[in-house]
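Okay, everyone, let's get going.

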Amino acid sequence: MAVTVKIPAQLRAAAGGVAEAEVDGSNVREVLDSLFASFSELRERISDDGGSLRRFVNVYVAGEDIRFMDGLDTAVADGAEVTILPAVAGG
Amino acid sequence: MTAEGLKCRECGTEYPLEALYVCERCFGPLEVAYQHDRSLSVAERRRRIQSGPQNIWRYSDFLPLAGGPPGPSGRRTSRAGLPAGCTPLVRADRLAAELGLREVWVKNDAANPTHSFKDRVVSVATARARELGFKVIACASTGNLANSVAAHGAALGMESYVFIPSDLEEQKVLATGIYGTKLVAVRGNYDDVNRLCTELSAERDWAFVNVNLRPYYAEGSKTIAFEIAEQLGWTIPDRVVAPIASGSLFTKIGKGFDEWREVGLLEGDLPIMYGAQASGCSPVATAFAAGHNVCRPVKPDTIAKSLAIGNPADGPYAIDLARRTGGGVDSVTDDEIREGIGLLARTTGIFTETAGGVTTATLAKLAARGDIGARDSVVLVITGDGLKTLDAVRGSFESYEIDPSLADFEATVDEASLAVSGAR
């Protein structure tokens, strides 16, 4: 299933300069694994040693934070948009 | 300048003093690192501060501007832009007595140009944005920041874009739009607005004060700690109670005291730091109570909209500070918030917005629980003005309407006040 991953400016250098990538996967874990297969450098930037997301990385599926859903197991529909963004403080 | 670069709080990677906010290696937040001139004596440092203007620029040695304080000259900085800070620290003996405490001080940051502490952070961020050559300032806001960015844009002649949740209090919307900003109400909560602005900041060459300028912006909050210490005669209070939304203000108050201890301006331990949240949005208090380091995001549902950040990026650092100093993070209900606003108003003459109600109610809770020692001095950080959230106090008191006659006054008001005092 094709999914669009939006890559934040801070990670584009590690992703061949692209702002988004088309990858496959039916949940967030698969989508990210598929992204890491194309851009191996991204793995250590986003994930910690245990395979979880680093604590200042936010991932959204169709605009919703995956922590409100099933985390890395959150289902991703065909054609959906997955957005990776840094956490930013300040109100 | 004493600021020497940006440094990742997580992995320590260093970056130049530009519009950067995220570590490219680990995604951790970047923070300004300083190299202070070790040859200055404590007396000389104090003189440098005391000879400065009556605003935050008196602390320029500890703020990240390359060109020193903005304005035509050091003496005249209070005439440039919208000078923030040097707000009153008032002794609140009647509040203390009501809570059974000895010494309570209120840091009244409603006394800033746009009536909240946000003028401190926006002053620093916009000054740095100008140094970096930005023409447009912008922000994602829960309201107070919107007021401040719009006003600073007007004062400095910079174009501004302000993004707010569409359900914001009317007072905050009106007090933003009037400055001629481009006001954008986003259908969603603050966390949605924040996400949008994070995406936008990569696409536009704008200074989002709390996104790409965040490392500079956040430093402005240290000036609350500097002022408290200076106003208390260069001492550190025993305890500080301050609100937590993203956790940035709370964390930077700790950093302010810490930096001054490091250069010898202050001696002694950090204050015991207490954070205050609304129960309807308490991801930091919940994580603290559970012993976690990471906050699970929540969907906010509280009248304290200026604290309604469900995904607090500095939450882990706020928890660490509370733990490290032996303090805590508590939460209070909407009813307690309303009571807190009333309590502060009644006992100090200071009318605060809902965030101040959260802070005051948290102090009351700590006092009732016996968590604050009988001999301790406590500083309550009041971050915004009650006129910003008038709905919260509607119907919270009684008043009288009478005919313009002595007889009606005596019949209605005198009788009613007798009844009240009789009931006591």
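Let me start with a cut-off: I call a residue buried if 20 or more other C-beta atoms lie within 10 Å of its own, exposed if 12 or fewer, and partly exposed in between, with the C-beta atoms placed from the backbone. By that count β5(B) is mostly covered, as five of its six residues are buried. Helices and strands here are DSSP runs (H or I, at least four residues, for helices; E, at least two, for strands), numbered from the N terminus.

Quick housekeeping. This is a predicted model, where local features need pLDDT of at least 70 and side-chain atom pairs count only at pLDDT 80 or more, while totals for chains, interfaces and linings use all residues. Residues are numbered from 1 along each chain as its sequence is written, and chains are lettered from A and ligands numbered from 1 in the order in which they are written.

Back to β5(B), then. Which sheet does it sit in? An open one of six strands in chain B, with the order β4-β5-β13-β10-β11-β12 and mixed pairing. For pairing, DSSP has to find at least two bridges between two strands. The edges are β4 (89–91) and β12 (328–332) of chain B, each pairing on one side only. On average, neighbouring strands in this sheet are turned by 25° against each other, ignoring direction.

As a reminder, strands of a sheet pair through backbone hydrogen bonds, either parallel or antiparallel. Here, β4(B) and β5 (residues 103–108) of chain B run antiparallel and are joined by three bridges. If you want to click on them, B:L89 has B:K107 as its bridge partner in β5(B), and B:V90 has B:V106. On to β13 (residues 377–382) of chain B: six bridges join β5(B) to this strand, and the two run parallel. B:V106 turns up again there, standing opposite B:L380 in β13(B).

What packs on the sheet? Helix α9 (residues 248–262) of chain B does, touching β10 (239–243) and β11 (272–278) of chain B, and its direction makes about 155° with that of β10(B). Helix α11 (residues 315–324) of chain B packs there too, touching β11 and β12 of chain B, at about 135° to the direction of β11(B). For the angles, axes are lines fitted to C-alpha atoms, for helices over the stretch in contact, and the values run from 0 to 180 degrees between N-to-C directions. Contact means that the C-beta atoms of two residues, placed from the backbone, lie within 7 Å.

Is it covered or open? Mostly covered, with seven of its 10 residues buried. Among the buried ones are B:Y317, B:I319 and B:L321. Their cover includes α9, β11, α10 (283–290) and β12 of chain B. Just after the helix, B:G326 takes a positive phi of about 80°.

Now, helix pairs. Helix α8 (residues 222–231) of chain B packs with α9(B) at an angle of about 55°, their axes 7 Å apart. The two are therefore oblique to each other; under 35 degrees would be roughly parallel, over 145 roughly antiparallel, 65 to 115 roughly perpendicular, and the rest is oblique. By class, the contact has seven nonpolar, two polar and four charged residues. Nonpolar means Ala, Val, Leu, Ile, Met, Phe, Trp, Tyr, Cys and Pro; Asp, Glu, Lys and Arg are charged; the others, Gly among them, are polar.

The other pair is helix α3 (residues 118–131) and helix α4 (residues 144–156), both of chain B, packed at about 45° with their axes 9 Å apart. That makes α3(B) oblique to α4(B), and α3(B) passes α4(B) in a right-handed crossing. Contact residues include B:V122 of α3(B) and B:L145 of α4(B). This contact divides into four nonpolar, five polar and two charged residues.

Last stop, the chains: 36 residues from chain B meet 19 residues from chain A. On the chain B side, α6 (190–203) and α7 (214–219) are the elements that give two or more residues. The largest share, six residues, comes from α6(B). By class, that side has 18 nonpolar, 11 polar and seven charged residues.

How values were computed:
Left-handed = near helix turned anticlockwise from the far one by under 90°.
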